[in-house]
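Me: Hi! I have a structure open and would like to talk it through with you. Could you help me find my way around?

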Amino acid sequence: MTISVFGLGYVGIVSSACFARDGLKVIGVDVSEEKVANINKGIPPIIESGLTELLKSGVESGRISATMDISDAVKNSDISLISVGTPSREDGALDLSYVNKVCHDIAKTANVLKKDHCIIIRSTIFPGTTERLTSEIKEKFKDISLHIAFNPEFLREGTAIRDFDDAAYTVIGSTDEVAIKYTKKLYATIDAPDIVMKPSEAELIKYAANSWHATKIAFANEIGRIGKFLDIDSRRVMEVLVSDKKLNTSKAYMRPGFAYGGSCLPKDVRAIDYYSKVNNIDLPLMSSLAKSNQSQIDLATSLVLKSNPKKVGILGLAFKSGTDDLRESPAVDLAEKLLSKGIDLKILDPAVQESKLIGSNLGYINSKIPHLSNLIVNDSKTLVEHSDLIVVTHGAAEFREILNHVKGKVAILDLSGIIKDGVEYSKYEGIAW
């Protein structure tokens, strides 16, 4: 299989060298005459460990060549891999002009050549771009079959070749079976699972990954500022933190849903925020956590009010399933807000029985909802018959059974992700999906 790689910057040249090493023939395409000439001599345009050797080997074996001729590249390849730049504009938006142009140029060339072709976009693009380009290209060039996929890269400068070889997964964003097949074939030598998803989902994964990496760096640096102030070696603190693979560096908590609550997280986030402000330690990331959490409660409230219900049933009042702890539960805040708007509420949470609430847990709920006993129901039938809308705040197992019985009968707002596919439910909405 022969591929043409458009854009011979960091991603393009590393990908070209690795694909050639793995037995593919690669035609690199770039607008820079100097870059093309150097690559044909085996001289890479960037400094990257191991790249010079791979590139020289590819050129000497005849598996790598570079050109400025789009027609020649498309004519002699099965796949065009796009890795041109998507730089920031002054307002922070992406400049997609290079991606737009090269996609249309490839399609136009394939059309002139009367050649079916596969386009795989590897450049970082904002969600919706692949679908837009697919629509534009297929509408304009109807006489040939063009198969398009988005394939995000996760290469770090300095370890790019190792990252290419030791990938966690290969993400393929496409609904085109031919494009999916070609992309899988492209990475056949890489020992990593193929994950096929919608183009927009694949596009967002790239932003989710990079935003998460940036968040981790900012978080570690903020812990470092506190440690420095307290004369603590924060490197040691973070070493221990990441050694916990069950919670701290795991999939735990890493799913969209309702806000955090309980007796620990809100209190501890407030404490560190207070301490940093009193001692003039700048922690903008951690200072934003409570505000972001409140925004999720506000969003849930607005989604309820948007449907203009008269009567609402809430499944789950504790801050999470498997507990009766109401302290700083986001569900309690939601209920309080809805009551203030005159909504007729009923609440079902088998773990929460007012007669058994004691101590600070009882004191907290009495300060928030003093007439809780008038709102709590003990069976799902009463809740369902009462409600125009059912709001699910956490994923207790018994709630799934309740929801299975109300398909098509009652509107549902899912704050927990308890329903995997809302297609079966009429008037279903999720808080983040």
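**A walk through the model**

Reply: Happy to! One thing to keep in mind from the start is that this is a predicted model.

Me: Good to know. How many helices and strands does the chain have?
Reply: There are 17 helices and 13 strands in the chain. The C-alpha trace spans about 80 × 60 × 40 Å along its principal axes.

Me: And how much of the chain counts as buried?
Reply: Of its 433 residues, 45% count as buried. As for contacts between residues at least 6 apart in sequence, 70% of them join residues at least 24 apart.

Me: Let's talk cores. Which residues have the most contacts inside the largest nonpolar core?
Reply: Those are Val 14, Phe 19 and Leu 186, in a core of 36 residues. Helix H1, residues 10–21, gives the largest share of this core, with seven residues.

Me: What is Val 14 in contact with, leaving aside neighbours within four places in sequence?
Reply: With those neighbours left aside, Val 14 is in contact with Ile 46, Glu 48, Leu 51, Leu 155, Ala 160 and Ile 161. Another core, of 33 residues, lies apart from this one, and Ala 331, Leu 338, Leu 413 and Leu 415 are among its members.

Me: I also clicked on Ala 20. Where does it lie?
Reply: Ala 20 is in helix H1. Its relative accessible area is 0%, so it is buried. Not counting residues up to four places away in sequence, Ala 20 touches Val 26, Arg 63 and Ile 64.

Me: How far is Ala 20 from Thr 2 in space?
Reply: Their C-alpha atoms are 9.5 Å apart, and the two residues are 18 apart in sequence.

Me: Next stop, Thr 67. Buried or exposed?
Reply: Thr 67 counts as buried because its relative accessible area is 15%, and the cut-off for buried is under 20%. Thr 67 is part of strand S3, residues 64–67.

Me: What lies 2.9 Å from a polar atom of its side chain?
Reply: The backbone nitrogen of Asp 69 is at that distance from a polar atom of the Thr 67 side chain. Thr 67 also touches Ile 27, Gly 28, Val 29, Asp 30, Val 36 and Ala 73, not counting residues up to four places away in sequence.

Me: On to strand S6. How many of its residues are buried?
Reply: Five of its five residues, 146–150, are buried.

Me: In which sense does S6 pair with S5?
Reply: S5, residues 117–121, pairs with S6 in the parallel sense over five bridges. Ile 120 stands opposite Ala 149 in S6. From S5 the chain crosses through helix H6, residues 129–140, to S6, and this β-α-β crossover is right-handed.

Me: How many bridges join S11 to S12?
Reply: Four bridges join S11 (residues 389–392) to S12 (residues 411–414), and the two run parallel. Leu 413 in S12 is the bridge partner of Val 391.

Me: What about the side chains of S11, which way do they point?
Reply: Leu 389 and Val 391 point one way from S11, Ile 390 and Val 392 point the other way, and all are buried. S9 is joined to S11 by four bridges, running parallel, and Gly 313 stands opposite Ile 390. The chain goes from S11 through helix H17, residues 397–404, to S12 in a right-handed β-α-β crossover.

Me: Last one: where is Ile 232?
Reply: Ile 232 is in the loop between helix H9 (199–229) and helix H10 (234–243). Its relative accessibility is 44%, so Ile 232 counts as partly exposed.

Key: Residues numbered from 1 in each chain as written. Heavy atoms only, no water. Buried < 20%, exposed > 50% of the residue type's maximum accessible area, 1.4 Å probe, protein only. Polar contact = N/O pair within 3.5 Å; in protein donor to acceptor, adjacent residues only side chain to side chain. Contact = heavy atoms within 4.5 Å. Pairing = 2+ DSSP bridges. Right-handed = clockwise from strand over helix to strand, strands pointing away. Core = buried A, V, L, I, M, F, W, Y, C linked by side-chain atoms within 4.5 Å.
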